[in-house]
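Please examine the sequence and the structure shown below.

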Amino acid sequence: MPPLKVEVFAQDDAAAPVILSAKSRAATELEVDYDKDITRLYEAITSEDWDSAVDAVKVNPKEARTWVVRHHEDGSIMWRFLPLHSACARQPPAELVEALLGAYRPAASACDDQGLYPLHYACGNQASSDVIRKLVLTHPGAASHADPAGMLPLHYLAKWGPADKLSLDILLLVNKDVVTAKTEEGKTALDLASEGEYDDKDSVVLTLKSLAGGGDETENREKAVEEEEQWTNFTEYLKSLAGEEVTEKAVAEAMEVVNSPKSARKEAEDEEEEDDEEEEEEEYAAVSHSLPSELDAINQLKYEIAALKSMRSEESVAAAVAHDENSDLKAENATLRKKLKKTSKACDDLLTEKRNKDEFLRYIERKLAEKDFEMISLHKEATKHREANVELTKKCEEISAQAEASDAKFATLSASYKILLEEQEKIAAAVSNRDALFKKATQRRQKKMQELINMEVELTKEAVQDEREGETSILNESLTRQREEMDSIRDIVLASADE
């Protein structure tokens, strides 16, 4: 058995990048860990319980599109497969493959982490021709896809051997050009088949060798087979007419008679009759000369001659019957020629149709290649978007951290603001008290000022009166005392304003 079991593969750093179709890429979101939460479908496939696997697909079709991954201890990927990859590596029944493709058709066009299609695993593990046919019909491009080592599905099949001859014919029918394709080691499928050790090795080598040598030999071989079949059919037909064994010489003579022109056959019959008459006359003359005196003997000879003529008449009738039979054979041969011509025309139509289908398949493959290129571009863009997303995530984390710090500062400021509000309330109360005191002091000052004004008016009147009366000294003393009182009142007012 070839060493192409899925569980033994490890991640190859030199492997080509995985290329998935658009649907396969969308399905990569469905993934489970082999050692933690393996699906029921994959578990049935690994234990080769095919009936349970088919039931699992019917019960939960989503498991057919779920990737199963296994990791090394350091967290790196050991292998990553779809259920179809794993099934094709275990000689699955065609019923399971049909169910898997029915549940998730893009699986046939999905590469695993090694860059291999399910068709690679099927060809490397002697899967049946029905399985290979279903995979090729679903995704013909896989037959022309090489793995990182340059190995095509045909290389795997040539190296490890097919389950039957039809498997090889299916791969070659898709694309005969892969016969000359070489691996990274420079080996063709013929080289790998010559080195292989399996039962049908000689048949595989012969087929690959005939294709590698060119198309003329193949056409000659097909033509020889066709001619041999025609010869066998015609021989059987003659046997059915004659009811006895027919030799090849007899068949060749009959073919020559049937194919000869009518005039030539007529001339041959006339020459045969003339030769018979000449032989009879020569016989009669010889007898007459040798027995001149024996009348009875002569009469006997005449009787024999008459009998010979009668026999010749019967032979003529037989020749006529043979002529009729030859005519029938000629008509039958013409019918066979018409049928052969129709068959040849049908074969030409089939070949034309095959060439058209091959051209269409090549067109589809070119389109698939273009789509694969587009998917590569999309994959690169997605990678850039993921990198940009990672950077945005980092920036968001930084902004979140800054926001948390800002929230802490805001909480501190809020507490400080609350304290300031309380102090402001105290200050406002103090200011209100001060304003009330100031108002009272102002009112008291105004009252004192009014009293002073009134007193000054009185004093002025008294001064005028004293001057009149000659008491100027007493008035001066009163004025001095009033000034001192006013200064004291002013100091009190100023002290009240400062408080």
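The structure is a predicted model. Its largest nonpolar core has 66 residues. Leu96, Leu119, Ile132, Leu135, Leu171 and Leu208 are the residues with the most contacts inside this core. Helix α5 (residues 94-103) supplies the largest share of the core, six residues. Around Leu171, leaving aside neighbours within four places in sequence, the contacts are Leu119, Cys123, Ile132, Val136, Ala143, Pro153, Leu154 and Leu157.

Two packed helices are described by the angle between their axes and the distance between the axes. For α5 and helix α7 (residues 129-138), the axes come within 9 Å and cross at roughly 20 degrees. Angles under 35 degrees count as roughly parallel, and α5 and α7 are therefore roughly parallel to each other. The crossing of α5 past α7 is right-handed. On the α5 side, Ala94, Val97, Glu98 and Leu101 take part, and they meet Asp130, Val131, Lys134, Leu135 and Thr138 of α7. By class, this contact comprises five nonpolar, one polar and three charged residues.

The second pair consists of helix α9 (residues 165-174) and helix α11 (residues 201-212), whose axes come within 10 Å and cross at roughly 20 degrees. These two helices are therefore also roughly parallel to each other, and α9 passes α11 in a right-handed crossing. Here Lys165, Leu168 and Leu172 of α9 meet Ser203, Val204, Thr207, Leu208 and Leu211 of α11. The contact of α9 with α11 has five nonpolar residues, two polar residues and one charged residue. Leu208, one of the α11 residues in this contact, is also among the core residues with the most contacts.

Terms used
Residues numbered from 1 in each chain as written. Predicted model: local features only at pLDDT ≥ 70, side-chain atom pairs only at ≥ 80, totals over all residues. Heavy atoms only, no water. Axes fitted to C-alpha atoms, helices over the stretch in contact; angles between N-to-C directions. Helix = DSSP H or I, 4+ residues; strand = E, 2+ residues; numbered from the N terminus. Parallel < 35°, antiparallel > 145°, perpendicular 65-115°, else oblique. Left-handed = near helix turned anticlockwise from the far one by under 90°. Contact = heavy atoms within 4.5 Å. Nonpolar A, V, L, I, M, F, W, Y, C, P; charged D, E, K, R; others polar. Core = buried A, V, L, I, M, F, W, Y, C linked by side-chain atoms within 4.5 Å. Buried < 20%, exposed > 50% of the residue type's maximum accessible area, 1.4 Å probe, protein only.
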